Amino acid sequence: MGINRRHFTFGSAGAISVSALGFARPAIAQAEPIRIGWLAALTGPSSAPGIGFNRGVIYAAEAINAAGGVKGRKIEIITRDTQGDPTKAVNATQELISQAKVHAIWGPTNSGESLAVTPIMARAKMPNIHPCVVDTLIDERRFPNAFRISPSNAQWDNAVRNYCLAILKLKKIAVIGDTTGYGVSAVNASVAGFKKDGADVVYQANIDATQPDMTPDMLRARNAGAEAIVVWSVSTGMEARMMNTRAAMGWDIPFVGHPSLSSGEIGSLVEKPANWEKVYAVGYRSCSYGADGKLPAKNQALVERLAGKVNLQDTLLWWVACGIDAIDLVAKAVEVTGSSSSEAIIGYWNGLTKYEGYFGNYAYSPTQHNGYPVADVVMSAASSAKNGTFALAPGYSG
């Protein structure tokens, strides 16, 4: 790829000494690769995020290896396509731990899968970093090996609820999700949050992501008086069908919710571009452009480097950046501690106070494994995509 260390740098939070972590520097066999298990939903109805993450994973691993690896050790990505199926994720996790002998696991990308495999990884003391948002997946006492690289669902939920109630000034809300473990838990949490803040949740439902006709549920929401529909699903097909149904009904109501609402796949699934208007998705400051059309400097430079190497036209920059950061975090742990042991990697992550990644600046401690900064969660205009980045949603400030 022709990438050198001037063009690919680890996050700067590595200013933590090996002695401070209490690790000795064991001799490392230079020929042994750093094996990172990658549990990815690359096919199936929940594959959109996995495909984006995977592009970042491949880019990061190739960039590090092209620059000489980590102290001479190459990064080896061992990918297992879980297809969004918890049973497949369990089997893949067990295989990665017992047979592939990975040093760390990145993923899964779906909370339903992660709920099934997190206890398995905890028993094996396997360093695990994931982008799954269900709040209970992070429990520092039960799962001291598990770290979240993305916001929690509570952070997403707060941003969505604040946008509906404080900015759009709407009080009658319909909340719809898919039937995955994530969809069910996200809808329940969202409904509870809206009710707590005084909103009237006039309709809630969980819909099979493969359901071809969204008309019955959309009619129920309209008949109930919904002023906005909050959507919690990673299925872009389901979301596009809802947008097409809204247009067919002539119903002028906003969709607000999950980041996948802004996935490039939706552009090819909606019947006409106008169907994608008035759709507002969770977004991030690191991947939001200003009035000048530019991102924050670090990610503007990243997008320019990705040009011609990573396709951003049909995915989200935050998915790609998150994949880069996940591999970076494992590699940096090995570089700083001189070890790929579970204890070394987990210990390094527990000592991060400000790790400057591409997706965000992470901070972890032994009692806090939710590392993403709350203030960096914003709302985006879903159809304003430019290289996988977005403009802030209308009316959003701060």
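How many of the residues of strand S1 (residues 34-40) are buried? Select this strand in the predicted model: 7 of its 7 residues are buried, and S1 is mostly covered. Colour its two sides separately. Ile34, Ile36, Trp38 and Ala40 lie on one side, while Arg35, Gly37 and Leu39 lie on the other, and both faces are covered.

Next, display the partners of S1. Strand S2 (residues 75-81) runs parallel to S1 and is joined to it by 7 bridges. Within S2, Arg80 stands opposite Leu39. Then select strand S3 (residues 104-106), which is parallel to S1 and connected to it by 3 bridges. Here Ala104 is the bridge partner of Ile36.

Now turn to another selection, an open sheet of 6 strands with mixed pairing, in the order S7-S6-S8-S9-S10-S13. Strand S7 (200-207) and strand S13 (377-381) stand at the edges; each has a single partner strand, so one side of each is left without a neighbour in the sheet. On average, neighbouring strands of this sheet are turned by 25° against each other, direction ignored.

Inside this sheet, select strand S8 (residues 228-232) and strand S9 (residues 255-257), a parallel pair joined by 3 bridges. Val231 has Gly257 in S9 as its bridge partner.

Finally, show two helices. Helix H8 (residues 236-249) packs on the sheet and touches S6, S7, S8, S9 and strand S10 (279-284), its direction making about 140° with that of S6. Helix H7 (residues 215-223) lies across strand S6 (172-178), S7, S8 and S9, and runs at about 175° to S7.

Notes: Residues numbered from 1 in each chain as written. Predicted model: local features only at pLDDT ≥ 70, side-chain atom pairs only at ≥ 80, totals over all residues. Heavy atoms only, no water. Buried < 20%, exposed > 50% of the residue type's maximum accessible area, 1.4 Å probe, protein only. Helix = DSSP H or I, 4+ residues; strand = E, 2+ residues; numbered from the N terminus. Pairing = 2+ DSSP bridges. Axes fitted to C-alpha atoms, helices over the stretch in contact; angles between N-to-C directions. Contact = heavy atoms within 4.5 Å.
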